[in-house]
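Visitor: I have a chain open in the viewer and would like to go through it. Can we settle the terms as we go?
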Amino acid sequence: MTTLRMEEAAHAVLARNDRGGYTVPTDRLYPFQWNWDSAFVAMGFATFDVDRAFRELERLIEGQWDDGMIPHIVFHAPSDTYFPGPDVWGTKHHVPTSGITQPPVFGMALRHVYEAAVASGLADAETRAKVLFQAALRSHRWWLAARDPEDLGLVSILHPWESGSDNSPAWDEALARAPTTTSTAIRRKDTSHVNAAMRPRDEDYQRFIHLVDVYRDCGWNPKQQWARAPFKVADVQMTAILARATADLMHLAGILGSENDRAELAQMQGRLVNGLARRWRPHLSRFVSLDLISGADIEAPTQAGFIPLVALALDDAQRSAITAEIRRWLDGMTVGIPSAPAFSPAFEPKRYWRGPVWAVINWLIADGLRLNGAEELARHIEQSTVRTIENVGFCEYFDPTTGEGLGGDTFSWTAAAYLVLGR
Ligand code: 2M8
């Protein structure tokens, strides 16, 4: 297909997954609105329809909680093709939602969409962006209060689903402490849509649902959850995305907020950048998350170790070490960056977040490399992502060893990544 035909095909994927101002990740497998998927999708829409891009973000914050949290799933309309649905979460929000969150790409998306709207002359851009700016600011306040109560300069996940990298090898040790017993009956639907060999294992689901049971029993109260959490990881991927989104909001504060908002964001950003900078490990040439229950570094190699590129200005030694490490992970692969490298004992090239390549991860890492002056490697990653999508379609993820498309097809965030990275 020509590039133009592929762009039309990407628009068609987004149109097909549109459920009325919000976009499902893909039909049946994920029939609701997901938090970070929608942020990426909004940036994809911004390449051709800024009004619809705003709508995506506006619909997401319909699910925002009073305390500021933006949930990881908003259940706008019922569907029985996904587990766990709203009954399992039991959050009692007026729009049904899950009770956990996901990476706050929202602030990055807001800047991207707002700038595209201004460039295209959208009449109500500022009014709409102001509402979204306040929602983003409230959610960042929630992050620091609820998920960094000990002032580490790092925000924590209490559930692997929050990371977006559900069954990443990074969580293996920490998740093994969560029991496999559940009070909720587990009725997986994912394995009826997608080959079970490409999905998390049953044991992972048992632990995932055990955690949901614990937090539901806390009445979704952040303080109680923090005190009782059997899984608590200060995650460098999450912190980096939050720090970057905070910088993007600071940039917008001059137009969309007040001087106080800007000062508050600057203070948050300083705290996060300092916390993140302390997670660099020279002997690994990447950043590492911290298991707050054991107190140990999480050294298992995963893509998360490179995500701080989006938020930090690395020094020369760090920059050459991290780029060499990324090149090592790409070595021998048909397409990179693998979510776990081929040299890792945990590497499974077809199993979800244990090896496959994800277009949105490449998007973030390429963006961070460019910010850090590694233009050539950034370009290489973007182009190989675009070529892979052209070869096999808008798949959920890709086998790094073969370039094969895996998981769900006609996937929204892959279409959005194509539109943004292909420009
Ligand atoms: C995957 O996660 C959901 C749970 O949130 C699932 O497997 O049921 C992850 O890839 C996550 O990052 C993504 O946001 C979601 C929807 O695409 O699917």
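Guide: Start with burial: a residue is buried if 20 or more other C-beta atoms lie within 10 Å of its own, exposed if 12 or fewer, and partly exposed in between, with C-beta atoms placed from the backbone. Helices (H or I, at least four residues) and strands (E, at least two) are DSSP runs, numbered from the N terminus. By that count H2 is mostly covered, with 11 of its 11 residues buried. This is a predicted model, where local features need pLDDT of at least 70 and side-chain atom pairs count only at pLDDT 80 or more, while totals for chains, interfaces and linings use all residues. Residues are numbered from 1 along each chain as its sequence is written.

Visitor: What covers the buried residues of H2?
Guide: The cover includes helix H1 (3–16), E1, H3, H5, helix H15 (359–371) and helix H17 (412–421). Contact here means that the C-beta atoms of two residues, placed from the backbone, lie within 7 Å.

Visitor: And H3, which of its residues are buried?
Guide: In helix H3 (residues 50–60) they are Val 50, Ala 53, Phe 54, Glu 56, Leu 57, Arg 59 and Leu 60. Their cover includes strand E1 (33–34), helix H2 (35–45), strand E2 (73–74), helix H5 (106–120) and helix H6 (125–147).

Visitor: Which residues have the most contacts inside the largest nonpolar core?
Guide: Leu 110 and Val 113, in a core of 138 residues. Helix H12 (residues 236–256) gives the largest share of this core, 13 residues. A nonpolar core is a set of buried Ala, Val, Leu, Ile, Met, Phe, Trp, Tyr and Cys residues joined through C-beta atoms within 7 Å.

Visitor: What is Val 113 in contact with?
Guide: Leaving aside neighbours within four places in sequence, Val 113 contacts Ala 42, Met 43, Ala 46, Val 50, Ala 53, Phe 54 and Leu 57.

Visitor: Met 108, buried or exposed?
Guide: Met 108 is buried, because 26 other C-beta atoms lie within 10 Å. Met 108 is in helix H5 and touches Ala 39, Arg 244, Ala 245 and Asp 248, not counting residues up to four places away in sequence.

Visitor: Changing topic, which residues surround the ligand?
Guide: Pro 25, Tyr 30, Trp 34, Trp 36, Asp 37, His 72, Trp 161, Gly 164 and Asp 166 do, each with its C-beta atom, placed from the backbone, within 6 Å of the ligand. That shell divides into 5 nonpolar, 2 polar and 2 charged residues. Ala, Val, Leu, Ile, Met, Phe, Trp, Tyr, Cys and Pro count as nonpolar, Asp, Glu, Lys and Arg as charged, and the others, Gly among them, as polar.

Visitor: What about phi of Lys 92?
Guide: Phi there is near 60°, a positive value in a residue other than glycine. Lys 92 sits in the loop between H4 and H5 and is exposed, with 11 other C-beta atoms within 10 Å.

Visitor: Last one: how much of the chain is buried?
Guide: Buried residues make up 57% of the 423 residues. The chain's secondary structure comes to 17 helices and 10 strands.
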